[in-house]
Amino acid sequence: MKVMKWSVIAMAVAAGTSQMALASSQSESEGFVEGSSLTIFNRNLYMNRDFRDNGAGGSATENGQSYREAWGHGFIGTFESGFTQGTIGVGIDAIGLLGVKLDSGEGRAWPDIFPQDSEGKPQDDYSEAGVAVKFRASDTVLKYGTQFVALPVFSTDDARLLPETAQGGLITSSEIDGLELNVGRFTALSDKSEADHDSRALEELSLVGGTYAFSDQLSASLYYSDVKTEEVADDFTKKYANLNYSMPVGGDQSVALDFNIYQTEWDDADDSENVIWSLAGTYKLGAHGFTLAYQKSTGDRGYTYGPDGGGTIWLANSVQYQDFQYENEKSWQVRYDLDMSAYGVSGLSFMTRYIDGSDATSGDGVSGLEESEWDIEAKYVIQDGPAKDLSFRVRQAFYQADSALDNDLSDTRLIVEYPLSIL
(Lines give C-alpha, C1' and ligand atoms only; values in the text may rest on other atoms or scores of the structure.)
Protein backbone atom coordinates (compact mmCIF):
# COMPACT_ATOMS: atom_id res chain seq x y z
CA MET A 1 0.00 0.00 0.00
CA LYS A 2 2.85 2.38 0.76
CA VAL A 3 4.28 1.88 -2.74
CA MET A 4 0.90 2.60 -4.32
CA LYS A 5 0.64 5.84 -2.34
CA TRP A 6 4.09 6.85 -3.55
CA SER A 7 2.99 6.26 -7.16
CA VAL A 8 -0.19 8.31 -6.79
CA ILE A 9 1.66 11.18 -5.11
CA ALA A 10 4.41 11.13 -7.73
CA MET A 11 1.90 11.23 -10.61
CA ALA A 12 0.18 14.24 -9.03
CA VAL A 13 3.50 16.03 -8.52
CA ALA A 14 4.55 15.24 -12.12
CA ALA A 15 1.31 16.72 -13.43
CA GLY A 16 1.79 19.85 -11.38
CA THR A 17 5.41 20.41 -12.37
CA SER A 18 5.28 19.61 -16.08
CA GLN A 19 6.75 22.95 -17.12
CA MET A 20 9.78 22.40 -14.91
CA ALA A 21 10.16 18.83 -16.19
CA LEU A 22 10.46 20.03 -19.78
CA ALA A 23 14.03 21.11 -19.03
CA SER A 24 15.20 17.49 -19.01
CA SER A 25 15.88 14.71 -21.50
CA GLN A 26 13.90 16.17 -24.41
CA SER A 27 15.51 19.60 -24.01
CA GLU A 28 18.88 17.92 -24.56
CA SER A 29 17.82 16.06 -27.70
CA GLU A 30 20.59 15.71 -30.30
CA GLY A 31 18.16 15.29 -33.18
CA PHE A 32 16.63 12.47 -35.23
CA VAL A 33 19.82 11.58 -37.15
CA GLU A 34 22.45 12.73 -34.67
CA GLY A 35 21.04 10.56 -31.88
CA SER A 36 20.62 7.43 -34.03
CA SER A 37 22.23 4.04 -33.43
CA LEU A 38 22.28 0.76 -35.33
CA THR A 39 23.42 -2.49 -33.73
CA ILE A 40 23.50 -6.04 -35.02
CA PHE A 41 23.64 -8.47 -32.12
CA ASN A 42 25.03 -11.83 -33.24
CA ARG A 43 24.13 -14.96 -31.32
CA ASN A 44 25.47 -18.41 -32.18
CA LEU A 45 23.58 -21.02 -30.18
CA TYR A 46 24.05 -24.76 -29.86
CA MET A 47 21.64 -26.70 -27.64
CA ASN A 48 20.98 -30.34 -26.95
CA ARG A 49 18.55 -31.89 -24.52
CA ASP A 50 18.70 -35.58 -23.63
CA PHE A 51 15.31 -36.83 -22.39
CA ARG A 52 15.55 -40.07 -20.50
CA ASP A 53 12.86 -42.66 -19.81
CA ASN A 54 10.14 -42.31 -22.47
CA GLY A 55 11.40 -39.04 -23.86
CA ALA A 56 9.56 -35.76 -24.40
CA GLY A 57 5.88 -36.35 -25.05
CA GLY A 58 6.16 -40.03 -24.17
CA SER A 59 3.65 -42.12 -22.24
CA ALA A 60 3.49 -45.50 -20.55
CA THR A 61 2.67 -47.16 -23.87
CA GLU A 62 4.48 -45.00 -26.41
CA ASN A 63 7.97 -43.54 -26.45
CA GLY A 64 8.44 -39.85 -27.14
CA GLN A 65 11.37 -37.91 -28.57
CA SER A 66 14.40 -38.92 -26.55
CA TYR A 67 16.87 -36.36 -27.90
CA ARG A 68 16.71 -32.83 -29.28
CA GLU A 69 19.57 -30.94 -30.87
CA ALA A 70 19.86 -27.63 -32.70
CA TRP A 71 22.58 -25.27 -33.84
CA GLY A 72 21.90 -21.91 -35.39
CA HIS A 73 22.98 -18.32 -35.81
CA GLY A 74 20.74 -15.41 -35.00
CA PHE A 75 21.00 -11.81 -36.18
CA ILE A 76 19.15 -9.32 -33.98
CA GLY A 77 19.23 -5.93 -35.66
CA THR A 78 18.00 -2.86 -33.80
CA PHE A 79 17.85 0.68 -35.16
CA GLU A 80 17.03 3.49 -32.72
CA SER A 81 16.70 7.01 -34.02
CA GLY A 82 17.20 10.06 -31.90
CA PHE A 83 14.32 12.39 -31.09
CA THR A 84 13.57 15.48 -33.13
CA GLN A 85 14.18 18.70 -31.25
CA GLY A 86 11.37 20.74 -29.74
CA THR A 87 8.87 20.38 -26.93
CA ILE A 88 7.71 16.99 -28.26
CA GLY A 89 10.37 14.82 -29.85
CA VAL A 90 9.53 12.22 -32.47
CA GLY A 91 11.58 9.15 -33.44
CA ILE A 92 11.44 5.70 -34.98
CA ASP A 93 12.81 2.36 -33.81
CA ALA A 94 13.07 -0.74 -35.99
CA ILE A 95 13.75 -4.40 -35.27
CA GLY A 96 14.96 -7.01 -37.78
CA LEU A 97 15.40 -10.66 -36.77
CA LEU A 98 16.91 -13.50 -38.81
CA GLY A 99 17.54 -17.03 -37.59
CA VAL A 100 19.61 -19.43 -39.72
CA LYS A 101 19.70 -23.17 -39.10
CA LEU A 102 23.22 -24.59 -39.11
CA ASP A 103 22.33 -28.09 -37.97
CA SER A 104 19.27 -30.04 -36.83
CA GLY A 105 17.09 -32.77 -38.27
CA GLU A 106 13.64 -34.27 -38.32
CA GLY A 107 14.42 -36.75 -35.56
CA ARG A 108 16.16 -34.10 -33.44
CA ALA A 109 13.85 -31.18 -34.26
CA TRP A 110 13.34 -28.57 -31.55
CA PRO A 111 10.00 -26.73 -31.97
CA ASP A 112 10.88 -23.74 -29.77
CA ILE A 113 14.16 -23.01 -31.61
CA PHE A 114 13.33 -23.47 -35.30
CA PRO A 115 9.84 -23.37 -36.85
CA GLN A 116 8.78 -26.63 -38.47
CA ASP A 117 7.26 -27.21 -41.88
CA SER A 118 4.19 -29.33 -42.61
CA GLU A 119 6.31 -32.51 -42.48
CA GLY A 120 7.77 -31.70 -39.06
CA LYS A 121 11.19 -30.73 -40.40
CA PRO A 122 12.95 -27.62 -39.06
CA GLN A 123 13.04 -24.72 -41.50
CA ASP A 124 16.38 -23.52 -42.85
CA ASP A 125 15.69 -19.96 -41.74
CA TYR A 126 13.02 -17.67 -40.36
CA SER A 127 12.74 -13.92 -39.99
CA GLU A 128 10.67 -11.09 -38.62
CA ALA A 129 10.72 -7.29 -38.83
CA GLY A 130 8.82 -4.48 -37.20
CA VAL A 131 8.79 -0.74 -36.63
CA ALA A 132 7.75 1.43 -33.69
CA VAL A 133 7.15 5.16 -33.56
CA LYS A 134 8.05 7.03 -30.38
CA PHE A 135 7.29 10.40 -28.84
CA ARG A 136 9.05 12.12 -25.95
CA ALA A 137 7.97 15.08 -23.85
CA SER A 138 10.26 15.96 -20.96
CA ASP A 139 11.19 12.57 -19.41
CA THR A 140 8.12 10.69 -20.62
CA VAL A 141 8.25 8.43 -23.69
CA LEU A 142 5.36 6.85 -25.60
CA LYS A 143 6.39 4.00 -27.89
CA TYR A 144 3.92 2.25 -30.20
CA GLY A 145 4.62 -0.67 -32.52
CA THR A 146 6.97 -3.67 -32.47
CA GLN A 147 9.23 -3.71 -29.42
CA PHE A 148 10.98 -5.71 -26.73
CA VAL A 149 9.51 -5.42 -23.24
CA ALA A 150 11.13 -6.19 -19.88
CA LEU A 151 8.58 -5.69 -17.11
CA PRO A 152 7.66 -8.17 -14.37
CA VAL A 153 4.07 -8.61 -15.66
CA PHE A 154 5.00 -8.61 -19.37
CA SER A 155 8.46 -9.65 -20.48
CA THR A 156 9.49 -10.88 -23.92
CA ASP A 157 11.59 -14.05 -23.64
CA ASP A 158 15.17 -14.07 -24.95
CA ALA A 159 16.27 -17.57 -23.92
CA ARG A 160 16.69 -19.06 -27.41
CA LEU A 161 18.16 -18.04 -30.77
CA LEU A 162 15.84 -15.06 -31.31
CA PRO A 163 13.74 -13.13 -28.78
CA GLU A 164 9.99 -12.73 -28.60
CA THR A 165 8.56 -9.41 -29.81
CA ALA A 166 5.43 -7.56 -28.69
CA GLN A 167 2.98 -5.37 -30.59
CA GLY A 168 1.41 -2.44 -28.78
CA GLY A 169 2.06 0.75 -26.89
CA LEU A 170 4.05 1.53 -23.75
CA ILE A 171 4.43 4.77 -21.80
CA THR A 172 7.54 5.09 -19.64
CA SER A 173 7.75 8.14 -17.38
CA SER A 174 10.68 9.22 -15.20
CA GLU A 175 9.58 12.73 -14.29
CA ILE A 176 10.37 12.26 -10.59
CA ASP A 177 13.90 11.41 -9.54
CA GLY A 178 14.03 7.74 -8.52
CA LEU A 179 10.55 6.90 -9.82
CA GLU A 180 9.71 5.10 -13.07
CA LEU A 181 6.07 4.62 -14.08
CA ASN A 182 4.83 2.31 -16.85
CA VAL A 183 1.45 2.11 -18.57
CA GLY A 184 0.94 -0.19 -21.56
CA ARG A 185 -1.48 -2.00 -23.82
CA PHE A 186 -0.40 -4.84 -26.13
CA THR A 187 -2.42 -6.84 -28.64
CA ALA A 188 0.01 -9.44 -30.00
CA LEU A 189 3.05 -11.47 -28.98
CA SER A 190 5.39 -13.24 -31.39
CA ASP A 191 6.97 -16.46 -30.16
CA LYS A 192 10.76 -16.77 -30.11
CA SER A 193 10.63 -19.52 -32.75
CA GLU A 194 7.94 -18.06 -35.02
CA ALA A 195 7.81 -15.38 -37.70
CA ASP A 196 4.09 -14.80 -37.06
CA HIS A 197 3.45 -11.50 -35.26
CA ASP A 198 0.67 -13.12 -33.19
CA SER A 199 1.61 -16.69 -32.28
CA ARG A 200 0.86 -16.76 -28.54
CA ALA A 201 -2.96 -16.44 -28.55
CA LEU A 202 -2.79 -13.02 -26.89
CA GLU A 203 -5.75 -10.75 -27.65
CA GLU A 204 -5.08 -7.90 -25.26
CA LEU A 205 -2.84 -7.13 -22.29
CA SER A 206 -3.11 -3.96 -20.23
CA LEU A 207 -0.57 -3.09 -17.54
CA VAL A 208 0.25 -0.36 -15.06
CA GLY A 209 2.93 -0.07 -12.40
CA GLY A 210 6.23 1.38 -11.40
CA THR A 211 9.44 1.22 -9.41
CA TYR A 212 10.63 3.69 -6.79
CA ALA A 213 14.17 3.88 -5.45
CA PHE A 214 13.98 5.16 -1.88
CA SER A 215 17.78 5.23 -1.79
CA ASP A 216 20.78 3.62 -3.46
CA GLN A 217 20.18 0.60 -1.22
CA LEU A 218 16.36 0.23 -1.18
CA SER A 219 13.82 0.00 -4.01
CA ALA A 220 10.26 -1.26 -4.39
CA SER A 221 8.04 -2.18 -7.34
CA LEU A 222 4.31 -2.70 -7.81
CA TYR A 223 2.62 -3.83 -11.06
CA TYR A 224 -0.78 -4.98 -12.30
CA SER A 225 -1.82 -6.60 -15.60
CA ASP A 226 -5.07 -7.79 -17.18
CA VAL A 227 -4.68 -10.45 -19.87
CA LYS A 228 -7.30 -11.43 -22.45
CA THR A 229 -6.71 -14.55 -24.58
CA GLU A 230 -8.57 -16.40 -27.30
CA GLU A 231 -10.21 -18.59 -24.62
CA VAL A 232 -12.19 -16.69 -21.97
CA ALA A 233 -11.41 -19.36 -19.35
CA ASP A 234 -7.72 -18.59 -19.82
CA ASP A 235 -8.08 -14.86 -19.11
CA PHE A 236 -6.36 -13.69 -15.95
CA THR A 237 -5.21 -10.73 -13.90
CA LYS A 238 -1.77 -10.60 -12.32
CA LYS A 239 -0.37 -8.51 -9.47
CA TYR A 240 3.35 -8.27 -8.71
CA ALA A 241 5.40 -6.69 -5.94
CA ASN A 242 9.13 -6.53 -5.28
CA LEU A 243 11.33 -5.25 -2.50
CA ASN A 244 15.09 -5.13 -3.01
CA TYR A 245 17.65 -4.10 -0.40
CA SER A 246 21.44 -4.10 -0.61
CA MET A 247 23.94 -3.00 2.00
CA PRO A 248 27.73 -2.80 2.11
CA VAL A 249 29.08 -4.29 5.32
CA GLY A 250 32.66 -3.07 5.14
CA GLY A 251 35.61 -3.65 2.88
CA ASP A 252 34.69 -5.74 -0.15
CA GLN A 253 31.65 -7.33 1.51
CA SER A 254 27.95 -6.72 0.89
CA VAL A 255 24.56 -8.25 1.64
CA ALA A 256 21.49 -8.14 -0.63
CA LEU A 257 17.88 -9.27 -0.13
CA ASP A 258 15.39 -9.67 -2.98
CA PHE A 259 11.69 -10.44 -2.40
CA ASN A 260 9.27 -11.13 -5.29
CA ILE A 261 5.60 -12.10 -5.21
CA TYR A 262 2.88 -12.74 -7.82
CA GLN A 263 -0.85 -13.16 -7.35
CA THR A 264 -2.74 -14.49 -10.39
CA GLU A 265 -6.53 -14.81 -10.66
CA TRP A 266 -8.23 -16.60 -13.58
CA ASP A 267 -11.66 -15.92 -15.04
CA ASP A 268 -12.53 -19.61 -15.18
CA ALA A 269 -15.58 -21.33 -13.66
CA ASP A 270 -13.72 -21.99 -10.40
CA ASP A 271 -12.19 -18.50 -10.04
CA SER A 272 -8.77 -20.17 -9.69
CA GLU A 273 -5.94 -18.37 -7.95
CA ASN A 274 -2.21 -18.76 -7.49
CA VAL A 275 0.16 -16.95 -5.15
CA ILE A 276 3.87 -17.56 -5.58
CA TRP A 277 6.73 -15.76 -3.85
CA SER A 278 10.48 -16.02 -3.43
CA LEU A 279 13.06 -14.55 -1.08
CA ALA A 280 16.75 -14.59 -1.96
CA GLY A 281 19.69 -13.44 0.13
CA THR A 282 23.18 -12.93 -1.31
CA TYR A 283 26.41 -12.38 0.58
CA LYS A 284 29.39 -11.15 -1.46
CA LEU A 285 32.95 -11.38 -0.26
CA GLY A 286 35.35 -10.03 -2.84
CA ALA A 287 35.19 -12.30 -5.86
CA HIS A 288 32.82 -14.76 -4.17
CA GLY A 289 29.03 -14.70 -4.00
CA PHE A 290 26.88 -16.98 -1.85
CA THR A 291 23.10 -17.09 -2.33
CA LEU A 292 20.29 -18.84 -0.47
CA ALA A 293 16.73 -18.67 -1.80
CA TYR A 294 13.32 -20.03 -0.87
CA GLN A 295 10.23 -20.10 -3.10
CA LYS A 296 6.64 -21.18 -2.38
CA SER A 297 3.56 -21.60 -4.57
CA THR A 298 0.02 -21.81 -3.14
CA GLY A 299 -3.52 -21.77 -4.51
CA ASP A 300 -5.74 -23.81 -6.82
CA ARG A 301 -3.14 -24.21 -9.59
CA GLY A 302 0.46 -23.45 -10.46
CA TYR A 303 1.88 -20.19 -11.76
CA THR A 304 1.09 -19.64 -15.46
CA TYR A 305 2.92 -17.55 -18.05
CA GLY A 306 3.15 -17.56 -21.83
CA PRO A 307 0.41 -15.32 -23.28
CA ASP A 308 2.02 -12.49 -21.29
CA GLY A 309 5.57 -13.37 -22.36
CA GLY A 310 7.76 -16.39 -21.72
CA GLY A 311 10.12 -14.26 -19.62
CA THR A 312 7.38 -13.12 -17.23
CA ILE A 313 8.52 -15.00 -14.14
CA TRP A 314 10.81 -12.81 -12.05
CA LEU A 315 11.39 -15.31 -9.26
CA ALA A 316 14.53 -16.59 -7.56
CA ASN A 317 14.08 -20.23 -8.57
CA SER A 318 13.33 -19.61 -12.24
CA VAL A 319 16.55 -21.14 -13.58
CA GLN A 320 17.98 -22.73 -16.73
CA TYR A 321 15.39 -25.44 -17.32
CA GLN A 322 12.73 -25.40 -14.60
CA ASP A 323 10.90 -22.62 -12.77
CA PHE A 324 9.62 -24.65 -9.79
CA GLN A 325 6.20 -23.04 -10.18
CA TYR A 326 3.85 -26.02 -9.75
CA GLU A 327 0.79 -25.95 -7.51
CA ASN A 328 1.69 -26.16 -3.78
CA GLU A 329 5.39 -26.50 -4.58
CA LYS A 330 8.09 -25.42 -2.14
CA SER A 331 11.68 -25.06 -3.35
CA TRP A 332 15.00 -23.87 -2.02
CA GLN A 333 18.24 -22.92 -3.77
CA VAL A 334 21.90 -22.66 -2.88
CA ARG A 335 24.19 -20.85 -5.32
CA TYR A 336 27.86 -19.91 -5.64
CA ASP A 337 29.36 -17.27 -8.00
CA LEU A 338 33.04 -16.58 -8.71
CA ASP A 339 34.39 -13.51 -10.52
CA MET A 340 37.90 -14.31 -11.76
CA SER A 341 38.81 -10.66 -12.38
CA ALA A 342 39.94 -10.54 -8.76
CA TYR A 343 42.55 -13.16 -9.70
CA GLY A 344 43.82 -11.36 -12.77
CA VAL A 345 41.49 -12.88 -15.39
CA SER A 346 39.07 -10.08 -16.23
CA GLY A 347 35.88 -11.16 -17.98
CA LEU A 348 35.89 -14.75 -16.71
CA SER A 349 33.19 -15.91 -14.30
CA PHE A 350 31.72 -19.16 -12.97
CA MET A 351 28.41 -20.07 -11.38
CA THR A 352 26.84 -23.21 -9.92
CA ARG A 353 23.52 -23.71 -8.12
CA TYR A 354 21.29 -26.47 -6.85
CA ILE A 355 17.50 -26.22 -6.50
CA ASP A 356 15.27 -28.76 -4.77
CA GLY A 357 11.47 -28.72 -5.05
CA SER A 358 8.94 -30.74 -3.05
CA ASP A 359 5.18 -31.15 -2.40
CA ALA A 360 4.36 -30.24 -6.00
CA THR A 361 1.00 -31.14 -7.57
CA SER A 362 0.90 -32.04 -11.26
CA GLY A 363 -1.72 -30.89 -13.74
CA ASP A 364 -3.35 -34.31 -13.36
CA GLY A 365 -3.81 -33.76 -9.63
CA VAL A 366 -1.01 -36.05 -8.41
CA SER A 367 0.43 -34.49 -5.25
CA GLY A 368 3.57 -34.84 -3.13
CA LEU A 369 5.90 -34.80 -6.15
CA GLU A 370 9.57 -33.82 -6.13
CA GLU A 371 12.02 -32.34 -8.62
CA SER A 372 15.55 -30.94 -8.56
CA GLU A 373 18.02 -29.17 -10.84
CA TRP A 374 21.76 -28.63 -10.76
CA ASP A 375 23.21 -25.92 -13.02
CA ILE A 376 26.81 -25.15 -13.95
CA GLU A 377 27.86 -22.13 -16.02
CA ALA A 378 31.09 -20.53 -17.23
CA LYS A 379 31.35 -17.27 -19.18
CA TYR A 380 34.19 -15.26 -20.67
CA VAL A 381 33.89 -11.77 -22.17
CA ILE A 382 36.81 -10.26 -24.10
CA GLN A 383 37.59 -6.95 -22.42
CA ASP A 384 39.45 -4.97 -25.10
CA GLY A 385 40.86 -5.04 -28.60
CA PRO A 386 39.10 -5.58 -31.94
CA ALA A 387 36.92 -8.36 -30.46
CA LYS A 388 35.87 -6.38 -27.37
CA ASP A 389 32.55 -7.63 -25.88
CA LEU A 390 32.73 -10.95 -27.73
CA SER A 391 31.47 -13.49 -25.18
CA PHE A 392 31.58 -17.27 -24.81
CA ARG A 393 29.24 -19.09 -22.43
CA VAL A 394 28.73 -22.75 -21.50
CA ARG A 395 25.59 -23.75 -19.58
CA GLN A 396 24.83 -27.24 -18.29
CA ALA A 397 21.73 -28.37 -16.39
CA PHE A 398 20.90 -31.75 -14.86
CA TYR A 399 17.22 -32.15 -14.00
CA GLN A 400 15.43 -34.95 -12.16
CA ALA A 401 11.74 -35.32 -11.29
CA ASP A 402 9.04 -37.81 -10.41
CA SER A 403 7.63 -39.27 -13.62
CA ALA A 404 4.17 -37.78 -12.95
CA LEU A 405 5.72 -34.31 -13.04
CA ASP A 406 8.32 -34.21 -15.82
CA ASN A 407 11.10 -36.12 -17.60
CA ASP A 408 14.61 -36.53 -16.24
CA LEU A 409 16.98 -34.77 -18.64
CA SER A 410 20.29 -33.01 -19.21
CA ASP A 411 20.37 -29.65 -21.00
CA THR A 412 23.55 -28.31 -22.67
CA ARG A 413 23.95 -24.87 -24.20
CA LEU A 414 26.95 -23.29 -25.93
CA ILE A 415 26.46 -19.60 -26.67
CA VAL A 416 28.72 -17.15 -28.52
CA GLU A 417 27.51 -13.54 -28.70
CA TYR A 418 28.93 -10.42 -30.30
CA PRO A 419 27.30 -6.97 -30.48
CA LEU A 420 28.35 -5.18 -33.65
CA SER A 421 27.80 -1.42 -33.54
CA ILE A 422 27.21 0.05 -37.03
CA LEU A 423 26.20 3.57 -36.01
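Student: By class, which residues make up the lining of the largest cavity in this model?
Tutor: The model is predicted. The lining residues include Leu97, Leu162, Pro163 and Tyr126. Asp191, Lys192, Glu194 and Glu128 also line the cavity, as does Ser127. By class, that gives four nonpolar, one polar and four charged residues.

Student: Which strand gives the most to that lining?
Tutor: Look at Tyr126, Ser127 and Glu128, which are among the lining residues. The strand that gives the most contributes three residues and spans residues 125–137. That is strand 4.

Student: What volume does the largest cavity have?
Tutor: A search of the whole structure, with a threshold of 30 Å³ or more, finds one cavity. The volume of the largest cavity is about 30 Å³.

Student: Where is Asp271, and is it buried or exposed?
Tutor: Most residues other than glycine have a negative phi. Asp271 is not a glycine, yet its phi is positive, about 50°. Asp271 sits in the loop between strand 13 (253–266) and strand 14 (273–285). Its relative accessibility is 57%, and exposed means over 50%, so Asp271 counts as exposed.

Conventions
Residues are numbered from 1 along each chain as its sequence is written. This is a predicted model: local features need pLDDT of at least 70, side-chain atom pairs count only at pLDDT 80 or more; totals for chains, interfaces and linings use all residues. Side-chain values use heavy atoms; hydrogens and water are left out. On a 1 Å grid over the protein atoms alone, a cavity is a set of points where a 1.4 Å probe fits but cannot get out, and a pocket is an open set with protein on both sides within 12 Å along at least five of seven lines; lining residues have an atom within 4 Å of a point. Grid points are joined across faces, edges and corners, and a volume is the space filled by probe spheres set on the points. Helices (H or I, at least four residues) and strands (E, at least two) are DSSP runs, numbered from the N terminus. Ala, Val, Leu, Ile, Met, Phe, Trp, Tyr, Cys and Pro count as nonpolar, Asp, Glu, Lys and Arg as charged, and the others, Gly among them, as polar. Buried means under 20% relative accessible area, exposed over 50%, partly exposed in between (1.4 Å probe, protein chains only).
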